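Morning, everyone. Please look at the model on the screen, and I'll walk you through it.

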Amino acid sequence: MTSDSWKIRPFAPADAPAFAALNRRWIEEMFGMEEKDVRQLEHPKDSILDPGGYIAVADANGWIMGTGAILPAANAPDDGRKWMEVVKMATDVATQGRGIGSAVLTQLLDFAREQGADAVWLETNAQLEAATALYEKFGFKKLQDEEIWPTPYDRCNLQMVLEL
């Protein structure tokens with residue numbers, strides 16, 4: 001997927017510093033880094049790609065403007081479905097509102113479908129209003145209390161699912 005000045009492409013090893021920096025910015029600004037954040041941001045190949053995941057980046061001639069990842073879901077219910085999990089969605093503050101998050105999420109969901117996934121799960125925080133609105137625009141539904149999955153994140157107060 002491309003725009004006039006940027007394109008969505010697969011992660012390359014050289015993207016690791018930008019992937020980490022974009023995500024660290026919002027996590028540290030609003031919440032604080034947690035163990036799983038550190039593992040995914042410092043070791044994206046081991047923690048996201050090697051388990052069967054994919055990282056998309058929005059690239060404007062070498063400037064990484066946004067990113068997001070998807071991988072087999074942690075703690076997925078044993079319900080016979082193939083679950084994947086969206087993680088580490090981030091857009092550069094200077095480029096927010098240009099459709100980058102939508103383009104990245106579209107690429108991630110396309111990857112999930114290619115992998116045979118039939119459901120996607122994500123964790124977020126209600127304070128992240130733009131992100132929550134984006135997920136709802138794509139059809140993600142908020143889980144109710146009795147549906148909540150175990151989470152490794154202290155900041156997670158909202159979980160959402162999308163049926164593919």
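In what order do the seven strands of the open sheet run? The order is 1-2-3-4-5-7-6, and the pairing is mixed. Strands here are DSSP E runs of at least two residues, helices are H or I runs of at least four, and both are numbered from the N terminus. Two strands pair if DSSP finds at least two bridges between them.

A word on the source. This is a predicted model, where local features need pLDDT of at least 70, side-chain atom pairs count only at pLDDT 80 or more, and totals for chains, interfaces and linings use all residues. Residues are numbered from 1 along each chain as its sequence is written, and side-chain values use heavy atoms, leaving out hydrogens and water.

Strand 1 pairs with strand 2 (residues 54–60), antiparallel, over four bridges. There, lysine 7 stands opposite aspartate 59.

Next, the inside. The largest nonpolar core has 28 residues. By core I mean buried Ala, Val, Leu, Ile, Met, Phe, Trp, Tyr and Cys residues joined through side-chain atoms within 4.5 Å. Buried is under 20% relative accessible area, with a 1.4 Å probe and protein chains only. Ile70 and Phe140 have the most contacts inside this core. Which element gives the most to this core? Helix 4, with eight residues.

Helix 4 covers residues 100–114. Its buried residues include Leu105, Leu108 and Phe111. Just after helix 4, glycine 116 takes a positive phi of about 85°.

Notes. Expected span 1.5 Å × (residues − 1). Buried < 20%, exposed > 50% of the residue type's maximum accessible area, 1.4 Å probe, protein only.
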